[in-house]
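Subject: Structure handover

Hello,

Here is the structure I promised to pass on. Please open it alongside this email.

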Amino acid sequence: MNKLFTPVTLGNVTLKNPIVFAPTSVGREGLDFYEKIAQGGTSLIVLPDVSVVPSMLGAPSLDSMKFADYFRKVLEICHRYGCKVAVQLFHPEYDVAYIGSLYRQRDKISGDEVHRLLAENMMTYADNLTTQQADEIIEKFVTAARNAQEIGLDMIQIHGDRLVGSFSSALFNHRTDKYAPHTAYAEALVKAVRAAVPEMTLDYKLTIRTESPRLGRGGALLEEVPEFVRVLEAAGVDSFHVAIANHSNIRDTIPAFNHPDLKGEGCFNHLGRAVLSCATKPVCIVGKLQHADAMEKLLEEGFACVGMSRQLVADPYWPLKVSEGRENEILYCTYCNAKCVASIMTGQPVSCVQWGRAPKESSKEEK
């Protein structure tokens, strides 16, 4: 494992190894779980969906310094083990005030109706924003980035899905102003954040949709990847994190073992290679990665980092066990999605069916 435990540099940050805990909802707080991930040998934790506006559900956000103590606590815990921390900044793909008002009326409006209205609002939100409103949201990203810098967070990841993904997709962006080109909003956003925090490492989660098979709705179309990479690198991105686009079905973004199209280990490798083939900046690949030899090959191929989510939920000590030659002790994810995805959907603390099992009960093969 020559590359799997070799330091890697992203912008101004050097990671002790290329192993990344990809953005993963772990429920409220999550401090104990983050400590396990850091203690287990992962080099970077990306805190997911950190909003640049107040969260409807009260999750930690960076629109202000209200949650600064929480983020500093995560940093303190992770740095204790030599693990860096990034925040994934995003803006929802819908009108937060409007959707929040619907949720507050759930005693009067059925859940199905709320979801219908949410989907309807999501389809038109990016189009209905005025140019000034769109510019103001970019300023909210700038404020959040400055807050992240003041807190001392190691990196920023711009979430290229959610609202940014709407602007990036022909399915949602029918604008005629300066943000009509699919790359324009992402470019303006990256430039503004780069200017505000020039010394911080800036990662971009480049989400990709495909037509055959039809997967994802927000984000860049596969054939648009070279243009997005060119524009984003020129705008100031230090690295890329590649995944499937969202605005669709969670079964695609978090594919189970029996997904008809996204099968087997490395299910997003084709997307990562599309970025790797034209990027000059480091690229992190994700997608059902769980075996050290497969990840070593990806690193040899040219990827800078390998990201895991469900595998590190199943066994936070995966890096430590691999580095010590104890792979036979690893609890391997079976991608059943029985508990982890359920936790995400309900906001409960993350959980896994493998917890409490002996390694021999944990198959290395998908069921």
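Below are the findings, from strand pairing to salt bridges.

Please keep in mind that this is a predicted model.

**Strands around E4**

Start with strand E4, residues 44-51. Seven of its eight residues are buried. Strand E3 (residues 19-21) runs parallel to E4, joined to it by two bridges. Phe-21 has Ile-45 of E4 as its bridge partner. E4 also pairs with strand E5 (residues 84-90), again in the parallel sense, over six bridges. There, Val-46 is partnered with Ala-86 of E5. Between E4 and E5 the chain passes through helix H2, residues 68-79. This β-α-β crossover is right-handed.

**Arg-194**

Next, look at Arg-194 in helix H7, residues 184-196. Is Arg-194 buried or exposed? Its relative accessibility is 15%, so Arg-194 counts as buried, the cut-off being under 20%. The Arg-194 side chain reaches the backbone oxygen of Gly-236 at 3.0 Å. Leaving aside residues up to four places away in sequence, Arg-194 touches Glu-199, Met-200, Leu-202, Ala-235, Gly-236 and Asp-238.

**Salt bridges**

How many salt bridges are there? The count comes to 20. A few are worth a look.

- Asp-135 and Lys-178 form a salt bridge, with the closest N and O atoms 3.3 Å apart. Asp-135 lies in helix H5 (residues 131-151), while Lys-178 is in the loop between helix H6 (162-167) and H7, so the pair ties together parts 43 residues apart in sequence. Asp-135 is partly exposed, at 26% relative accessible area.
- Lys-191 and Glu-187 meet through their side chains, 3.3 Å from N to O. Both lie in helix H7, four residues apart, which is about one turn of the helix. Lys-191 is partly exposed at 45%. Glu-187 also counts as partly exposed, at 25%.
- Glu-329 and Arg-326 form a salt bridge at 2.5 Å, N to O. Glu-329 is partly exposed, with 31% relative accessibility. Arg-326 counts as partly exposed too, at 23%.

There is also a network: salt bridges with shared partners join Glu-35, Lys-73, Glu-76 and Arg-80.

Best wishes

Key
Residues are numbered from 1 along each chain as its sequence is written. This is a predicted model: local features need pLDDT of at least 70, side-chain atom pairs count only at pLDDT 80 or more; totals for chains, interfaces and linings use all residues. Side-chain values use heavy atoms; hydrogens and water are left out. Buried means under 20% relative accessible area, exposed over 50%, partly exposed in between (1.4 Å probe, protein chains only). Two strands pair if DSSP finds at least two bridges between them. A crossover is right-handed if, with the strands pointing away from the viewer, the path from the first strand over the helix to the second runs clockwise. A polar contact is a pair of N or O atoms within 3.5 Å; within protein, one must be able to donate a hydrogen and the other to accept it, and residues adjacent in sequence count only if both atoms are side-chain atoms. Contact means heavy atoms within 4.5 Å. A salt bridge is a side-chain nitrogen of Lys or Arg within 4 Å of a carboxyl oxygen of Asp or Glu.
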